[in-house]
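Here is a short tour of one structure, written for someone who likes the cut-offs spelled out. Have a look at the model first, and then read on.

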Amino acid sequence: MNKPQDPNRVLIFDTTLRDGEQSPGISLNTHEKLEIAQQLARLGVDVIEAGFPITSPGDFEAVQEISRKVEGPVVAGLARTHVADIDAAWNAVKDGPRPRIHTFISTSDIHIRHQLQTTREDVIGQARAAVAHAKQYVEDVEFSPMDATRADVEFTAEVCQVAIEEGATTINIPDTVGYTMPQEFTAYLERLYELVPGLRDVVLSVHCHDDLGLAVANSFAGVLVGARQVECAINGIGERAGNASLEEIVMLLHTRQPDVGLHTGVATRELARASRLVSRLTGYPVQPNKAVVGRNAFAHESGIHQDGVLKERTTYEIMDATTVGLDANSIVLGKHSGRHALQQALSELGFELSGQNLNTAFKRFKEIADKKKQVTAMDLEALVTDELREEAAAYQLEWFDVEASSRRPPHATVGVRTPQGEEVVGSFTGDGPVDAIFRAINAATACEARLREFRVDAVTGGQDALGETSVVLEVDGVIGAGQGVSTDIIEAAGRAYVRALSNALRRRGIVAEAEAAAQAPADAVTAP
Ligand code: KIV
Ligand code: ZN
C-alpha cells in the first residue's frame with residue numbers, strides 16, 4: 001500500500017483476526033472469521049490482518065477466504081522470516097486484489113539470545129532475506145522488529161534500514177510486551193527517524209500491547225510523532241492483556257480532531273456492531289464501563305448528570321452515542337412476519353442472507369417468535385450470529401431431556417450428532433440442571449471435558465429475553481470456548497458446551513501437529 005497522499009490520514013490496521021485470535025480460549029472458524037472481516041470492511045478499516053497462515057491449515061484457509069471474498073481493505077498474512085512462512089502467507093493472500101505480506105523478527109537481545117538463540121548479525125541477514133523474498137511476490141510488504149521497545153534503538157534502526165533497502169513499504173514498531181510509556185515511545189520513535197531518514201518515505205506503524213493499560217496512549221504518542229498506521233483490535237482483544245482498542249483510538253482521533261488535526265477512514269457508526277459481533281463470536285464479554293462501546297459508556301446514573309444531559313446533552317457527553325452506532329435500532333418483527341420481512345431486516349443489520357441460509361434463519365426466527373412476542377434487532381443479530389457458529393464437521397446437540405426438581409438430583413439425557421454424522425446418547429445425574437446436561441454431553445461423546453467458565457447473559461431486557469451463554473472448557477489441557485443462544489437457558493448452555501467441546505478437540509489436533517513439527521526445530525511454529 002502506498003503512503004496516503006493526505007499527510008493527516010491515519011491508516012487503521014485491524015489485527016482482531018490475528019493477534020486478537022491469539023487470546024486464550026478464542027477459536028474462530030472460517031465462517032466466523034469471514035463475518036468479522038466483512039464487518040471490518042463495512043467499518044472501513046484500511047488493512048485486515050487475517051491470520052498467520054503457516055500456523056495451521058485452518059488459519060491458511062481463513063486468510064485465503066477473506067482475501068478472495070472481502071472487498072475494500074488490504075488483506076495481510078503474517079509470516080516469520082522463514083521462507084516457508086512467507087510462501088504460506090503469499091499463497092493465502094495472493095488471490096485477493098490488495099495482498100500484503102507482514103514479516104517480523106525480534107531485535108531485542110532478550111529475544112535474540114533466549115528465544116531465537118542466534119546473533120544480531122543473523123537477525124539482520126534474516127530480515128534482509130525475508131523482505132527480499134516477500135518482495136519477489138508482492139509490492140506491499142510490512143516489516144516488524146519484534147520487541148522493539150526493549151531493544152537497542154541503534155540496532156533496531158539498522159534492521160529497519162535493511163528492511164527499507166529491500167523494499168519494505170511499512171515499518172511497524174511493536175511494543176510487544178506492553179512495557180513502554182508514552183514519553184519513552186515518543187523519544188524512541190524520534191530517534192528512529194533520526195537514524196533512518198528513509199523512514200519518512202514509508203509508512204511508520206505502531207503496534208502496542210496493553211499490559212500496563214497504555215496501549216492506546218502509546219499508540220497515540222506514536223501518531224503524534226508521525227506514525228500513520230495504528231495496529232489495533234476490536235474490543236482491544238489480543239495476546240495477554242490485548243492490543244490497543246480500535247474503537248478507542250478511532251474515537252480519540254475523531255473526537256479531538258479539531259485539536260490534533262488527524263483523521264481515519266473509519267465509519268464510526270459501525271463500531272458498536274463490530275464490537276458486539278466480535279464479543280459474541282469470541283465469547284469475550286465487553287466490560288460494561290468499557291470506553292466507547294461498553295453498555296454504560298453513555299449511561300448517566302447521578303441525578304446531577306441526568307439533569308444536565310436532559311437540558312443539554314453536551315454537559316456530560318463528549319461523544320454522541322449515535323456516532324458510534326449505539327442508538328437503539330427500531331426493527332421489530334413478530335410471529336406473523338414473513339421471510340421477506342426477515343431478509344429485509346437482516347439486510348438492514350448488515351447480514352445478506354439468501355437460499356438455504358435464509359431458510360435456516362427463518363426457521364429459527366419462527367421458533368423464537370412463537371415464544372417471544374417481539375423480535376428486536378438485537379435478537380436477530382444474536383440469532384444470525386448463532387447460526388454462523390454451526391459447523392458441519394463438529395458435534396451438534398440434537399435433543400435433550402432435563403428433569404429438575406428441588407427434591408431429587410437433576411437428571412439429563414442428551415442426543416449428540418458426532419462429526420461423522422452418527423447420533424450418540426448419554427445421561428447423567430448432576431448437581432444442577434446445567435451441570436447435568438454438561439456431564440451428559442461428556443458421557444455421550446466419551447470426552448473428559450472439564451468446565452472452566454460458564455456465563456449467562458440476556459440479549460435484551462424483559463422476561464422473555466433470549467439467553468446467550470458462553471462456555472470455556474478444557475480437554476487434556478487444551479482450552480475451547482463456545483457460545484449458544486436460545487429462549488431456553490438449558491438449551492443455550494448445551495449448544496455452547498458442544499461447540500466449546502468441538503473447538504477444544506480441533507485445537508487439540510492442531511497442538512498435536514505443532515508439537516510434531518517442533519521436533520524439527522527449523523519448522524517450529526510459535527505465535528508471537
Ligand atoms: O506484538 C508483536 O510484536 C506482534 C508482531 C507480530 C507485530 O504481534
Ligand atoms: Zn502483538
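R240 counts as partly exposed because its relative accessibility is 42% (buried is under 20% relative accessible area, exposed over 50%, partly exposed in between, with a 1.4 Å probe and protein chains only). R240 sits in the loop between β8 (229-232) and α9 (246-255), and its phi is positive, near 50°, though R240 is not a glycine. Helices (H or I, at least four residues) and strands (E, at least two) are DSSP runs, numbered from the N terminus.

D476 also has a positive phi, about 50°, without being a glycine. The loop between β15 (467-475) and β16 (478-486) holds D476, which counts as exposed because its relative accessibility is 60%.

## How the model is read

This is a predicted model, where local features need pLDDT of at least 70 and side-chain atom pairs count only at pLDDT 80 or more, while totals for chains, interfaces and linings use all residues. Residues are numbered from 1 along each chain as its sequence is written, chains are lettered from A and ligands numbered from 1 in the order in which they are written, and side-chain values use heavy atoms, leaving out hydrogens and water.
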